[in-house]
Every structure is written in C-alpha cells, then in structure tokens.
There are 2 protein chains.
Amino acid sequence: MHVTSEQRLDVGVLEREFTLGGIPGILWMPASASAPAPLILLGHPPLGLRRMYPRLVDRARQAAADGFASATIELPGSGDRPRMPAVEQARADMRRAMEAGEPVGAEIVDALVLPLVDQAVPEWQAALDALLAMPGIGGPVGYSGGVMSIGVRLAVVEPRISAAVLFAGSLVPRAMFEEARRVTIPLHVLLQWDDEGNDRQTALDLFDAFGSEEKTLNANMGGHTGVPQFAGDAAGQFFTRHLK
Amino acid sequence: MHVTSEQRLDVGVLEREFTLGGIPGILWMPASASAPAPLILLGHPPLGLRRMYPRLVDRARQAAADGFASATIELPGSGDRPRMPAVEQARADMRRAMEAGEPVGAEIVDALVLPLVDQAVPEWQAALDALLAMPGIGGPVGYSGGVMSIGVRLAVVEPRISAAVLFAGSLVPRAMFEEARRVTIPLHVLLQWDDEGNDRQTALDLFDAFGSEEKTLNANMGGHTGVPQFAGDAAGQFFTRHLK
C-alpha cells in the first residue's frame, strides 16, 4: 500500500489517499483514537470515487465520530481504471430498456453486476489485508454499502467481516438470492421506501432471503439519497453494538 | 380519576393504580423527574391488564428510564369489565376458522376489532384528559401499541398525540387502511418479520398506507414477543426525538 497524500479534515479526521496494486483508495482515521479503531469498509455504486467523494466523506466523518476507521477503493471499470467492455455493454442495454419504458431483463442485470462483483471482491479482500496491517487499525471489520454490489458476496466469503449495513438497491442478480441465504453475520438493511429507482419488492425478498439470525430492516421515507439522519445514527449504533 | 393504590417499584418508578369512570388503569411516573414528564399511552391487546401486566411494566420501566410517564387502561370487554357479546361471538368465529385451517374472513376481523376501537378510543381520550391534569405530567403525548387496535384511530382523531410507535399486528379491518392514509404524525412501526401469528404482507401494506411524512419500519427477527432489546431502544430514541 502506497500512501499518496495525507490531510487532516476540519472535524478531526485524518484522510489518507493510497494506491494498492494500482487501485486508488482512501482511508479515514479518527484523529484522536487512543486504541486501535475497528474498520468499516465503505461500499458505493460504480460511479467513480471522485464523484462519490462528498457522500463517502460524510459517512467517513460519522464513522470517525463513532470511533471507527473507514476505507474505500475504486471499483473495477470506474474512475480512472480501465473500462470493462462487457459491463459497459450491459449498462447501455439497461439504459435502452429504461428509456423504452421496458423492464430491465434478468440477463442484463446479471451481465451488469456479476462481473463487477467477481472482480471487485478479491480486490476488497486484498485491501483488507493491507489496511489491517496498518498501525491504529484493529478489531472486527464491518461493511457498509449497496446490497446489489459486493456486500452480499463479501459477507459470504470474507470471515473477517463481522457485521454489515446494506443499502437496498435495485438490480439484484438472481444468483444473489442464493448467496444471501448463506449470509450469517448480523445485518442492518436500510431501505428507502419510496425510492423510485428501486424495486421495493426485490429489496423485501432479498431481506427475507438472508440467513442471518440477527437482521433488521430499517425502512424510511425521503427518496434514494434522502436517508434521514436518525437512520444513519441507527446504523452507527448497529456497528457500535457489533464491532466494539 | 381515583387513585386506588400507590407503590414505588425497585427501579425508581412510581406506580399508581386508578379508576376513571369505573375503568381500571395504571400510571407509571419516573420517581426522580425534576420537570413535567411527557406521557406515553401504552396500548395492548384485549387480554386483560392483569395478564398483560408483566409486559406493560417492562415497557413502563423503559419509558421511565427515558424520562417519560406512561399509562394504560383496561380495554372494553377485558379483565373485570363487562363482556361485549358481539365481539365474543366474532372471537369464537375466528377460533373456529383458525382451528379449521381456514383464513379468517374480513367480516370476522371487522366484527372483532371495529366495535372495540369505537368504544375504546373515547375512553383513552377521557383518560388523557385526566392524566394531563395531574401534576408531574406535561408536554407532548405519545402512543405505543398494537397497530390493529386503537393506535391508528387515536393518531387520526386525537390531536394531542404527537408521535406513535405501532407494533404490527394481524387482524387489520379493511377500513383501517383508509384511516391510515389520514395519519400524519411521525410513526415508528415495529414488525416481527417471522411472526407466525401475523400476516407480514398486511403489515407492509398498512405501513405503506400511512400518510405520515416521517415513518420508519423497523423489522426484526425473534417471533411475536421476541422484539430485540436494541429495537426497543430504537423506539425509545424515536420518542425522545419527538416528545422532548
């Protein structure tokens, strides 16, 4: 891991940009931690770290206020990383379907999401190796991010992840329901009830499928990006219960 | 209101039994409150106050720990109050249907629930008049209890109630969906996801119907009476946000 820049944010958070095997990432640490801080991996949609930065840094500040380190990396095919032609093709197919007012077929969803998950998950695991070797980080690991992307797969294959906050998103490949049944870690699932870009029933079905003995669905009003502050606080309390 | 007994519970809660117009009730006050405490009305199923007491006193202790007074009254037809023959008939019809493995028809649900709601709601409003006149109680009022019973109606007709925690229950009369659309106060709805005695889809449909701009669905595992401690805590935080 190669740290490329370091700055102290106004709220007492230390931000380090890094690259790992050519993949850019960002690590946020509470500036005043006395003991090693548990780590939360911040998942995000494949729109590029630069575009996602404002929302990511909000989540990182909240995590730091709760005593957690947090980190994220650029997804395959996003930002300055090489495009994934098959995924780009599926994205174009999806746009065409949506503009024509047609449902997005299961084949398109599979082609859009599964290659991304297959490539991203080992990268996040490698990032976890490097991050857990850093001073000031220690203890259990959480994942916080979109249901559709890599959270479900990581929860299944990565034993170091002890708890996850998942944001219900649309575009869930059929195979993810099978993987969801194999998830056993505590889950806190956030659903924006009237999210127009999201199929509510798919989110409810996926929540139902998770094999975890402790799982909470927290559904709120306010549109896709309008998660209320109190729902963010509840997610923080979930991590505090499980990672400290 | 006639106070019939008073005792200090071990955890610093003052419990007063009372009668009001012949209806028994219980009031719990935080023993060490310095300012008037906001009041939470504790709804419950029509099984009689004596039988419900252990669960009610748990909720009252939690409310007192959060700085709230709480109170409840005996429902019509329950405990030592006169039976309601038409409701008893509907209950017998329901049992027969359930024992025969048949669905409980909408007419049975209406006959079981609506007369109870019609009679209970004015009684709870009268109790509210008397309780708010007592020293040590003041500020906004919350309601916490079963969705099916009187919470929805109270939320519609009683302007002194500012926020409600509703436990998703089965047996929702069809007319309640229309009333739900007229609810505008902040709601926190608790749903036990794998509650065998409860129809999950009905609970989701009712949550969807509520007209409130702020409404949260908090669904958890653990069976009908297995609401996890952290979900109870979240409900307490909801009241703290809205009643203080």
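Let's start where two helices of chain A touch: Ala86(A), Val87(A), Ala90(A), Arg91(A), Asp93(A), Met94(A) and Ala97(A) in α2(A) meet Ile108(A), Ala111(A), Leu112(A), Pro115(A) and Leu116(A) in α3(A). Contact here means that C-beta atoms, placed from the backbone, lie within 7 Å. Helices are DSSP runs of H or I with at least four residues, strands are runs of E with at least two, and both are numbered from the N terminus.

A quick word on the source: this is a predicted model, where local features need pLDDT of at least 70 and side-chain atom pairs count only at pLDDT 80 or more, while totals for chains, interfaces and linings use all residues. Residues are numbered from 1 along each chain as its sequence is written, and chains are lettered from A and ligands numbered from 1 in the order in which they are written.

Back to our helices. α2 (residues 85-99) and α3 (residues 106-132) of chain A pack at about 145 degrees, with axes 8 Å apart. Those axes are lines fitted to C-alpha atoms over the stretch in contact, and angles run from 0 to 180 degrees between N-to-C directions.

Now, the two chains. How many residues does each chain bring to the contact? Chain A gives 12 residues and chain B gives 12 residues. On chain A's side, β9 (215-220) and α7 (229-243) are the elements giving two or more residues, and β9(A) has the largest share, with 6 residues.

Finally, β9(A) runs antiparallel to β9 (residues 215-220) of chain B, joined by 4 bridges; strands pair if DSSP finds at least two bridges between them. There, Asn220(A) stands opposite Thr216(B).
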